[in-house]
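Here are my notes on the fold, as numbered points. Have the model open while you read.

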Amino acid sequence: MSKKKGVILSLSIILVVSALYYLGTNETPNQNSQTGKLAFEDTGDFKVVYGKTKNPKYTEYNELLKKAHIFENFTVFLNNVLILKQDFPIIIQQCDTANAFYSLKDKHIVICDELLESLFQNFSYIVSPGEELNNAVSGATFFIMYHELGHGLIDIYNLPYSGKEEDVADQLASVVLTGMGEDGPKVAITGANYFYITSPQVGEESPFWDEHSLNKQRYYNILCWVYGSNPQKFNYFVGTYGLPEERAARCEYEYKKMFEFWNTALTPYVKAQIKPETNK
Ligand SMILES: [Zn+2]
């Protein structure tokens, strides 16, 4: 229980600095709403829904999340930035599998209690208990939430893209997080670490058929994009134990093209009411 409380507190800290503010803001702040360039009237909201749980452990967990306003703060932030035609629920519930997903049919995101538990278990093998573990779990949770948001925005705004949608969703998460001051890139890298530690072990088959890139590819992609967002600042990513030189050479360009894509794609849907803020 005390461990879970720790996770929740860490999550709230990260949420405070959460930001989409610099996407779709290549014009001056508020200009979209002032000049009526928004794609449609804002008639919907992101909303948090706590689904039913059969497991008392998850019920208790959800109560703690609720009290800490973790997901509620996330939706308040998104509502200040993005326009919606209809409500967009973010549902936290027991799923009987460790997963998070965006439903094309129901137009909502589901974050499974089992996933949060699984993050805790997986990270506990590689980081110390306490604050380090809490930060790892909360960071990976945020990366996953932004990834699912990427799927959702592609659907509700009918955004065109090419390639694997799973990669494009990872790109949104990476682009947004790298714009979040000092903490954002760390959160993205924590998401990357989760993919690394959950990649198949020796003797296990990689899921080559899957719509996702292989977990280790996702790890190196995120590493590359964070590095590419500021090669000088993150030059220590490159080397023997990190990003190979041959990939690193293209990362700044990759990041630039990704940023341009999301910036252009989201401009008609961003109210741009939030200005960049420094991390606290
Ligand atoms: Zn996905």
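1. Let's start inside. The largest nonpolar core has 67 residues, and Phe143, Tyr146, Leu172 and Ala188 have the most contacts inside it. (A nonpolar core is a set of buried Ala, Val, Leu, Ile, Met, Phe, Trp, Tyr and Cys residues joined through C-beta atoms within 7 Å; buried requires 20 or more other C-beta atoms within 10 Å of a residue's own, with C-beta atoms placed from the backbone.) Helix α6 (residues 131-156) gives the largest share of this core, 11 residues.

2. Before going further, a word on the source: this is a predicted model, where local features need pLDDT of at least 70, side-chain atom pairs count only at pLDDT 80 or more, and totals for chains, interfaces and linings use all residues. Residues are numbered from 1 along each chain as its sequence is written.

3. What does Leu172 touch, leaving aside its neighbours within four places in sequence? Its contacts are Tyr146, Leu149, Gly150, Leu153 and Trp262 (contact: C-beta atoms, placed from the backbone, within 7 Å).

4. Now look at α7 (residues 165-178) and α8 (residues 183-197), which pack at about 150° with axes 7 Å apart. That angle makes α7 roughly antiparallel to α8 (the label applies over 145 degrees, on a scale from 0 to 180 between N-to-C directions). Ala173, Ser174, Leu177 and Thr178 of α7 meet Gly184, Pro185, Val187, Ala188 and Gly191 of α8. By class, that contact has five nonpolar, four polar and no charged residues. (Ala, Val, Leu, Ile, Met, Phe, Trp, Tyr, Cys and Pro count as nonpolar, Asp, Glu, Lys and Arg as charged, and the others, Gly among them, as polar.)

5. Helices α9 (residues 215-229) and α10 (residues 245-266) also have axes 7 Å apart, but pack at about 75°. So α9 is roughly perpendicular to α10 (65 to 115 degrees). Among the contact residues are Tyr220 and Trp225 of α9, and Arg247 and Met258 of α10. This contact divides into eight nonpolar, two polar and three charged residues.

6. Finally, the sheet: four strands, open, ordered β1-β2-β4-β3 with mixed pairing (strands pair if DSSP finds at least two bridges between them). β1 (46-50) and β3 (100-103) stand at the edges with a single partner strand each, so one side of each lacks a neighbour in the sheet. Four bridges join β3 to β4 (residues 108-112), and the two run antiparallel; Tyr102 has Ile109 as its bridge partner in β4. Helix α5 (residues 113-124) lies across β2 (88-93), β3 and β4, at about 45° to β4.

Notes: Angles under 35 degrees count as roughly parallel, over 145 as roughly antiparallel, 65 to 115 as roughly perpendicular and the rest as oblique. Two residues are in contact if their C-beta atoms, placed from the backbone, lie within 7 Å. A residue is buried if 20 or more other C-beta atoms lie within 10 Å of its own, exposed if 12 or fewer, and partly exposed in between; C-beta atoms are placed from the backbone.
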